[in-house]
Amino acid sequence: MPLDDLTVFLDEHEDEVVEEFRKQVVSEHGHFRGVVHLLGKAMYRLVVGYFRSQISHEDIKQLAYKVAHEGNQAEISIGEFVYSVCLGRKLVLDLFQKGSFPPFTLVSAMIKTNECFDMFLVHAVSQYTTLKDNDLEEKKLFIERSHKDRLTILGQMASSFVHEFRNPLTSIIGFSRLLKEDFPSLPYVDIIENELYQLNYRVSQFLLVSKKGVIHQKKEIFSIYKLFEEILSFLYPNIVDVNAHINSYIDPAFMLNGYRDEMKQVLINIISNALDALHKKAGHKEVVIEAFQNGKTATITIANNGAPISSDFLPVIFEPFFTTKELGTGIGLYVCKEIIERHGGTIMCESSEEQTIFSMKFQGTGLPAKL
Ligand SMILES: Nc1ncnc2c1ncn2[C@@H]1O[C@H](COP(=O)(O)OP(=O)(O)OP(=O)(O)O)[C@@H](O)[C@H]1O
Ligand SMILES: [Mg+2]
């Protein structure tokens, strides 16, 4: 057996080659110190075992996994790892040159050595990559989790702050109403009242986002016609400010089954957006409101003839915090969508040079049972 002599030769030179390996690796990569001896010795024993047919492919795989694991723990990069394995291969091949073996023995020894190292490298590198990927995934998960925790705390803080804010606000609104009743000619009370309503509207919007606002609410059957009347009088100062014409075609028999205050918020949001869109427009400014029932489907549309929404923005206007306004929060339409869906309805928007139109459709649970 020509390789028998060679394996004896390998046994005799083990300490010397492993030591040379250790020296070269440590001089290049000082931080390998802890694992280099294990790596050198393991690889060397692997080659010898492979030559003697004492080691199977499965053994090579297991050793590769073990070494990859330790290398990864010692924070050795994959490049440094591959470099040191190739160095080990080179030292073994150099050693063969020093013996006086016939060319045939040398060639088959080189083929076997390469076979063994290649297999070892393939398994080690794939395991190394898996371990690194797992590490990355774990770090990503940790970052996501702590980010989520912070957002939750922030959300809880904001909603409890808004709750605290709402109680005194409600009583100020009540007292300003009493003031108006007792002293009808007192100037500025209307302005104060309107500003307070605006503030209350913003606060309610935040509460709806934090989902705490709906807890105490009950479903009721209410008239959309009356709701629009209330909303248009609430928005009257804005409508005058923008100088917009409101054309409304609302079926007086249109009833909805749901949360009146929430629906009010939706319609205020959409009409306010329409008024914002008309603010800078020259010429005729118009908001057209239509609300009608057709069989088992009820539809509300609110359209304006302001500048269109660009097709890039259209798919994201219902996303939270999307805004193109300097003082916008971008939660208006997000809240609308949540509320409409809570009523079993759908909301969509189409925009062209002629008009931007928001359509809401309700079926089934959003409508009174007698329909
Ligand atoms: N009728 C409309 N015409 C043109 N653009 C609109 C219209 N309605 C909504 N948009 C666009 O959609 C964006 C998001 O609207 P959304 O109501 O969610 O937030 P916002 O109005 O910017 O801020 P907020 O309502 O919180 O004050 C707006 O910034 C605007 O770019
Ligand atoms: Mg808005």
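Student: In this predicted model, how many residues of the shell around ligand 1 are nonpolar, polar and charged?

Tutor: The model is predicted, and the shell can be sorted by residue class. Around ligand 1 there are 8 nonpolar residues, while the charged class has 1 and the polar class has 11. In the order you asked for, the counts are 8 nonpolar, 11 polar and 1 charged.

Student: Which element gives the most residues to that shell around ligand 1?

Tutor: Of the 20 residues around ligand 1, those that come nearest are N273, T323, G328, G332 and L333. The elements that give two or more residues to this shell are α10 (260-279) and α11 (332-342). The element that gives the most, with 4 residues, is α10.

Student: Why is one side of β2 and of β6 left without a neighbour in the sheet?

Tutor: The open sheet is formed by 5 strands with mixed pairing, and their order is β2-β4-β5-β7-β6. The strands β2 (245-250) and β6 (346-351) each have a single partner strand, so one side of each has no neighbour in the sheet, and the reason is their place at the edges.

Student: Which residue of β4 is the bridge partner of I246?

Tutor: Strands of a sheet pair through backbone hydrogen bonds, either parallel or antiparallel. Here β2 and β4 (residues 286-294) run parallel and are joined by 6 bridges. The bridge partner of I246 in β4 is V287.

Terms used. Residues are numbered from 1 along each chain as its sequence is written. Chains are lettered from A and ligands numbered from 1 in the order in which they are written. This is a predicted model: local features need pLDDT of at least 70, side-chain atom pairs count only at pLDDT 80 or more; totals for chains, interfaces and linings use all residues. Two strands pair if DSSP finds at least two bridges between them. A residue is near a molecule or strand if its C-beta atom, placed from the backbone, lies within 6 Å of it. Ala, Val, Leu, Ile, Met, Phe, Trp, Tyr, Cys and Pro count as nonpolar, Asp, Glu, Lys and Arg as charged, and the others, Gly among them, as polar.
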